[in-house]
Amino acid sequence: MKKRTDKVTILDFARWKEKGEKIVMITAYDVLFARIFDEVGVDSILVGDSLGQVVLGLPNTLGVTMEDMVRHTGAAARGTKRAFLIADMPFLSYQPGPEEAIRNAGRLIQAGAEGVKLEGGRNVENTIRAIVRCDIPVMGHVGLTPQSVHRMGGYRVQGKEEAQRQQLRDDARAVEEAGAFAVVLEGMPADLAGEITEELTVPTIGIGAGPRCDGQVLVMHDLLGLFEEFRPKFVKRFGELKRPVRDAIRAYADEVRRGKFPGREHSF
Ligand code: KIV
């Protein structure tokens, strides 16, 4: 039997769902963090378009470009050996239609991703089908889809009303039927995410979608306590790294100002 230390492939996602083994996914945008997460043994690394907020300082993900994603996907790929590397398709890289989507998905694969993720349900099923037909694994993303922030009127939990619950179920099923190997469920009631997880044969990866998903994903800056602009309810901080970083920089500045650093041991 394949051990969890072996290189993760698309086949593992289906196997883990079948066996009820939880899938661990985290975002990374550069070689250093990708290497740390890979060495620790996370199952999948996502070069998310959350890059826009946590790395580039943009107000949302809409300003992220293909050039940004290609550059950061390449960096993360150079730090990833075992985990399955997925790259987000940014806004306007797939919405214009299947042909443009195939070309852009291909660029991310050439940069080192092993699969791509795109947002939407029934509205993108033909696009997903077209990319999958080119042998590029696709992960879907349903529910609170950040690229639709203006349509949603903000980052709001989706699927609170019955009619919308059914729409999200239909979206998730459409994404699976189009050939996606997994689906991110974001920002929806836990019971709805649980129902979708039971209905689908492909694994669901939750973020703000409760504990019944087949796996979980978090933005690295959120879980490490590095991003403080806002803190959604679903984020658990597993570290508080901002404080030690600040302390280290203060100590450095203090020693430079007092002429303590560099000492003889740091000089030639
Ligand atoms: O962009 C991103 O980081 C994502 C995850 C939060 C799912 O899409």
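F13, W16, F84 and F181 form one aromatic cluster. The rings considered are those of Phe, Tyr and Trp (its six-membered ring), and two of them pair if their centres lie within 6.5 Å; planes under 30 degrees apart count as stacked, over 60 as edge-to-face and the rest as tilted. This is a predicted model, in which local features need pLDDT of at least 70 and side-chain atom pairs count only at pLDDT 80 or more, while totals for chains, interfaces and linings use all residues. Residues are numbered from 1 along each chain as its sequence is written, and side-chain values use heavy atoms, with hydrogens and water left out.

The protein is divided into domain 1 (10-237) and domain 2 (242-268), with bounds that come from an automatic or database domain assignment. Taken over C-alpha atoms, the centres of domain 1 and domain 2 are separated by 40 Å.

The largest nonpolar core has 52 residues, and I131, L185 and M188 have the most contacts inside it. Such a core is a set of buried Ala, Val, Leu, Ile, Met, Phe, Trp, Tyr and Cys residues joined through side-chain atoms within 4.5 Å. Buried means under 20% relative accessible area, exposed over 50%, and partly exposed in between (1.4 Å probe, protein chains only). Another core, of 15 residues, lies apart from the largest one and includes F13, W16, M25 and A182.

Contact here means heavy atoms within 4.5 Å. Leaving aside neighbours within four places in sequence, L185 is in contact with V142, A193, I196, T197, T204, I205, G206, I207, A209 and C213. C213 is itself buried, at a relative accessible area of 1%, whereas C134 is partly exposed at 37%. A search of the whole structure finds 0 disulfides, a disulfide being a pair of cysteine sulfur atoms within 2.5 Å.

Helices (H or I, at least four residues) and strands (E, at least two) are DSSP runs, numbered from the N terminus. F33 is partly exposed because its relative accessible area is 25%, and F37 counts as buried because its value is 9%. Y252 and F261 form an edge-to-face pair, 6.2 Å centre to centre with 65° between the planes. F261 is partly exposed, at 35% relative accessibility.

Helix α11 (residues 242-257) has 16 residues, which at 1.5 Å a residue should span 22 Å, and its end C-alpha atoms are 22 Å apart, which agrees. The expected span is 1.5 Å times one less than the number of residues. After α11 comes G259, whose phi is positive, near 75°.

Two further glycines sit in loops. G225 is in the loop between α10 (220-223) and α11, and at 0% relative accessibility G225 counts as buried. Beyond four places in sequence, G225 is in contact with R237, G239, E240, L241 and K242. G187 lies in the loop between β6 (182-186) and α9 (190-199), and G187 is buried at 5% relative accessibility. Not counting residues up to four places away in sequence, G187 touches L144, R156, V157, Q158, I207 and G208.
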